[in-house]
Number of protein chains: 2
Amino acid sequence: MKQALIKDLYRNTESYIDQEVQLSGWIRTIRDSKNFGFIELNDGSFFKGVQIVFDEQLANFKDIAKLPISSSIKVAGDFIHTPQAKQPFEIKATEIVIEGTSNVDYPLQKKKHSFEYLRSIAHLRPRTNTFSAVFRVRSLASYAIHKFFQDKGYVYVHSPIITGSDTEGAGEMFRITTLDMDNLPKNDEGKTDLTKDFFNKETNLTVSGQLSAESFALAFRNVYTFGPTFRAENSNTARHAAEFWMIEPELAFAELPDIMDLAEEMVKYVIGYVLDQAPEEMNFFNSFIEKGLVDRLDNAHTANFGRVTYTEAIKLLQESGETFAYPVEWGVDLQTEHERYLCEKVFKRPVFVTDYPKEIKAFYMRLNEDQKTVAAMDLLVPGIGELIGGSQREEREDILAGKIKELGMNEEDYWWYLELRKYGGTKHSGYGIGFERLIMYLTGMSNIRDVIPFPRTPGNAEF
Amino acid sequence: MKQALIKDLYRNTESYIDQEVQLSGWIRTIRDSKNFGFIELNDGSFFKGVQIVFDEQLANFKDIAKLPISSSIKVAGDFIHTPQAKQPFEIKATEIVIEGTSNVDYPLQKKKHSFEYLRSIAHLRPRTNTFSAVFRVRSLASYAIHKFFQDKGYVYVHSPIITGSDTEGAGEMFRITTLDMDNLPKNDEGKTDLTKDFFNKETNLTVSGQLSAESFALAFRNVYTFGPTFRAENSNTARHAAEFWMIEPELAFAELPDIMDLAEEMVKYVIGYVLDQAPEEMNFFNSFIEKGLVDRLDNAHTANFGRVTYTEAIKLLQESGETFAYPVEWGVDLQTEHERYLCEKVFKRPVFVTDYPKEIKAFYMRLNEDQKTVAAMDLLVPGIGELIGGSQREEREDILAGKIKELGMNEEDYWWYLELRKYGGTKHSGYGIGFERLIMYLTGMSNIRDVIPFPRTPGNAEF
């Protein structure tokens with residue numbers, strides 16, 4: 001009699017008919033009559049549990065019947081096929097061993113709990129239906145991304161988390177130190193003596209792996225990163241976390257349309273993968289988190305994503321007759337309301353907006369011939385707004401160096417980045433996708449805190 | 001005429017015979033006679049390059065002939081099959097377009113450079129044979145690990161990088177702050193006012209994802225982490241880095257032998273995967289980095305890993321007649337010299353050492369019935385020493401709480417960790433593997449700085 005996982009009972013039901021099985025897991029619900037009872041057992045391998053029928057033929061019947069929910073047990077029993085019933089099978093227990101008796105004050109009693117409350121017990125929330133589904137889909141989507149790029153021969157790059165300086169220019173950074181903060185060493189100028197710190201200088205947590213990825217793309221041609229990134233922004237919104245994961249593919253010998261093709265293919269691949277691998281979870285989201293979710297994803301999976309320039313998009317918004325909180329004119333950055341209007345109302349599918357004004361985009365984006373816009377793209381998706389941001393990179397050393405100077409950035413920090421242009425530079429392009437935003441898009445969950453195992457936000461680094 | 005990757009020319013040679021192809025890449029070597037020349041072109045998709053033959057029929061023959069190495073070009077030409085020659089094919093160029101002319105002071109000229117020098121140009125070193133091989137194998141090994149666990153249905157958990165307190169007890173930590181370090185706010189006691197910091201308290205970079213993984217294992221049964229971890233130890237050795245990646249599987253309803261089986265299967269899987277997917281790179285390591293590497297890996301791939309208790313291992317070392325720098329007696333921690341002697345001389349294959357004295361192991365390891373040892377295991381491998389460390393976790397709430405108290409640890413920090421034992425705890429076990437050490441094991445590279453894209457060590461956070 002071999003240990004089985006509940007997932008396998010569902011996926012390979014035929015092979016278990018009339019067999020003895022051994023399961024272990026946690027009691028989700030339990031009820032008993034005088035001489036028999038039912039347990040819904042979940043073992044974590046699958047979204048659904050299995051019904052265990054037990055009766056007083058078990059020597060420990062009374063002990064079992066008294067078990068609080070969340071207790072862990074090992075069950076041996078007969079697999080009973082019940083194709084006509086609501087549940088296609090159940091287990092008639094021949095033996096139940098108590099592994100761990102839960103305390104009766106288990107916080108996840110049957111009533112519905114708010115997501116906010118569940119964040120305060122983040123160590124237990126993966127045991128609920130919602131978070132079991134969220135974190136399984138998160139795992140599957142991670143793997144889908146690796147599989148997508150690896151099947152194409154892309155090289156996965158672990159870009160550094162600790163960076164020597166704020167060269168990425170993408171936002172507020174967290175500082176790292178090993179100095180005693182109650183007793184800082186001072187230099188002659190009365191400032192903190194950073195030469196005494198672990199790295200002998202100021203260091204921060206990365207906000208992007210892009211620059212590292214560029215250096216690897218100019219060796220391996222096609223690469224991607226997938227790692228944690230950080231923003232020390234004091235924004236307490238449902239879309240911002242201080243710690244989140246990013247995927248950043250970077251391609252040598254590639255221009256803007258190449259990475260739009262890639263991004264479209266990747267998003268479709270991940271959607272297809274999770275719909276295929278986690279149908280139970282996706283149906284749960286569709287029923288209980290966002291009605292119409294699966295239709296929305298199916299639509300994105302089959303549609304050709306729209307493509308429109310920023311200049312055209314501004315015109316569309318201006319001519320829409322819609323009243324926006326933030327007024328629209330050429331030169332402004334698009335707000336979420338504009339982004340969502342474009343993809344939800346105008347295009348009714350994901351849409352790339354390209355060629356943004358250079359003033360509102362990063363220094364490394366390639367200047368277009370009009371001298372006003374850069375070869376940038378954002379992918380906007382219904383329900384979310386911006387999901388992906390990318391660009392062709394400025395490969396012309398003189399223009400890039402001029403831009404760094406013009407913006408008053410510290411040129412010394414960029415010596416190696418500029419050298420990538422000096423020694424066999426090529427046209428190259430890449431994009432970044434915030435992984436949590438992708439999970440929100442895939443699940444319909446509306447708060448970033450509910451798609452990260454242990455979220456970090458201003459004032460909150462519990463667990 | 002479609003863009004081809006050099007990898008595909010090698011893997012699907014037959015399909016290119018007598019075809020026109022279009023390639024792009026970087027010039028590794030170039031030489032020319034009066035009216036013809038040869039380029040070794042590498043496009044990053046493959047360890048090897050391809051020979052491009054060009055002659056004065058090209059209008060820009062003279063410009064091409066003058067190109068410095070590392071320049072990037074696009075080549076159209078005829079695929080010439082040369083099965084008798086050393087190189088099985090070459091490209092007769094019909095057109096070469098210069099994409100980026102490299103500067104002549106390109107640092108990677110043909111002569112052999114020391115690994116130490118190459119660390120100072122970490123942005124360029126992936127273009128060398130050695131680092132191209134290392135970082136491709138690193139990428140493949142990453143994927144092999146994901147594939148291994150995902151194929152078994154394990155859930156990938158992104159454990160947090162920023163932690164609220166030093167609850168992991170695994171080493172010195174880096175502190176994180178957004179306070180102005182030249183102007184720290186003080187509290188009434190004259191100490192730094194941490195309530196003003198981003199998270200309103202002290203936060204650090206994680207040293208291990210294990211405790212988070214345990215909480216997910218008690219929901220999903222089988223999980224793993226794969227992410228960066230940090231140690232602020234001032235050790236300048238070839239084996240220590242301040243930032244490195246770890247994989248930490250954690251299994252509910254699993255005891256020590258279960259995770260030894262899993263670790264053995266995982267190591268064999270990754271070895272098989274890289275030997276299969278990167279034969280050119282592995283042969284390169286075997287020839288130029290460590291003679292006998294492939295034999296060593298083949299041996300590990302087929303052997304049954306040894307298993308010996310710590311107590312037996314101490315006896316074996318004492319009876320060996322070997323003189324060790326660190327003397328051996330029951331109770332001491334094993335040093336690398338002991339570990340390597342055991343697997344290289346005694347067992348001649350990877351070996352698990354189990355059941356270490358409780359005093360030298362972490363607080364969360366399960367106390368054995370002898371009350372002296374814990375259910376821990378280390379996997380020792382030839383050439384490296386310890387590759388993996390793991391244990392059965394203490395699932396008994398009272399014993400764990402007692403241990404936390406006994407060690408003077410801050411009990412409040414562990415409320416949620418103890419609750420995992422209170423609400424349906426189960427026997428559970430897991431292990432950690434330092435990913436860089438695995439890459440050193442797979443490649444024969446002897447310095448951790450040479451298997452991480454941009455290494456972070458004391459005094460060094462360049463790039």
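This is a predicted model: local features need pLDDT of at least 70, side-chain atom pairs count only at pLDDT 80 or more; totals for chains, interfaces and linings use all residues.
**The barrel of chain A**

Begin by selecting strands β1, β2, β3, β4 and β5 of chain A, which form a closed barrel of five strands in the order β1-β2-β3-β5-β4, with mixed pairing. Neighbouring strands of this sheet are turned against each other by 55° on average when direction is ignored.

**Where the two chains meet**

Next, show chain A and chain B together and select the residues in contact, which number 110 from chain A and 110 from chain B. The two chains bury about 9,100 Å² between them, and 62% of that area lies on carbon and sulfur atoms. Within chain A, highlight H158(A), M181(A) and Y423(A), the residues that lose the most area to chain B, together accounting for 9% of what that side buries.

Turning to the polar side of the interface, there are 44 residue pairs in polar contact across chain A and chain B, counting pairs with both residues at pLDDT 80 or more.

**Salt bridges within the chains**

Over all chains the salt bridges come to 44. In chain A, select D450(A) and R125(A), which form a salt bridge with their closest N and O atoms 3.3 Å apart. This pair links distant parts of the chain, 325 residues apart, with D450(A) in the segment after α13 (435–443) and R125(A) in the loop between α3 (115–119) and α4. Both D450(A) and R125(A) are buried. Then select D261(A), E264(A), K268(A) and R307(A), which are linked in a network of salt bridges.

Move to chain B and pick K92(B) and D55(B), whose side chains meet in a salt bridge at 3.2 Å, N to O. K92(B) lies in strand β5 (residues 89–100) and D55(B) in strand β3 (residues 50–55) of chain B, so the pair ties together parts that are 37 residues apart in sequence. K92(B) is partly exposed, with a relative accessible area of 26%, whereas D55(B), at 16%, counts as buried.

Staying in chain B, select R366(B) and E395(B), which form a salt bridge whose closest N and O atoms are 2.7 Å apart. R366(B) sits in the loop between β13 (351–357) and β14 (373–381), and E395(B) in the loop between β15 (385–392) and α11 (397–406), so this pair ties together parts 29 residues apart in sequence. R366(B) and E395(B) are both buried.

**Two backbone details**

Finally, select R221(A), a residue other than glycine with a positive phi, near 75°. R221(A) is placed in the loop between α5 (210–220) and β10 (222–230) of chain A, and its relative accessibility of 7% falls under the 20% cut-off, so R221(A) counts as buried. The last stop is F463(B), in the segment after α13 (435–443) of chain B, where phi is again positive in a residue other than glycine, near 70°. F463(B) is buried, with a relative accessible area of 17%.

Notes
Residues are numbered from 1 along each chain as its sequence is written. Chains are lettered from A and ligands numbered from 1 in the order in which they are written. Side-chain values use heavy atoms; hydrogens and water are left out. Helices (H or I, at least four residues) and strands (E, at least two) are DSSP runs, numbered from the N terminus. Buried means under 20% relative accessible area, exposed over 50%, partly exposed in between (1.4 Å probe, protein chains only). Two strands pair if DSSP finds at least two bridges between them. Axes are lines fitted to C-alpha atoms, for helices over the stretch in contact, and angles run from 0 to 180 degrees between N-to-C directions. Contact means heavy atoms within 4.5 Å. Buried area is the accessible area (1.4 Å probe) that two parts lose on being put together, summed over both. A polar contact is a pair of N or O atoms within 3.5 Å; within protein, one must be able to donate a hydrogen and the other to accept it, and residues adjacent in sequence count only if both atoms are side-chain atoms. A salt bridge is a side-chain nitrogen of Lys or Arg within 4 Å of a carboxyl oxygen of Asp or Glu.
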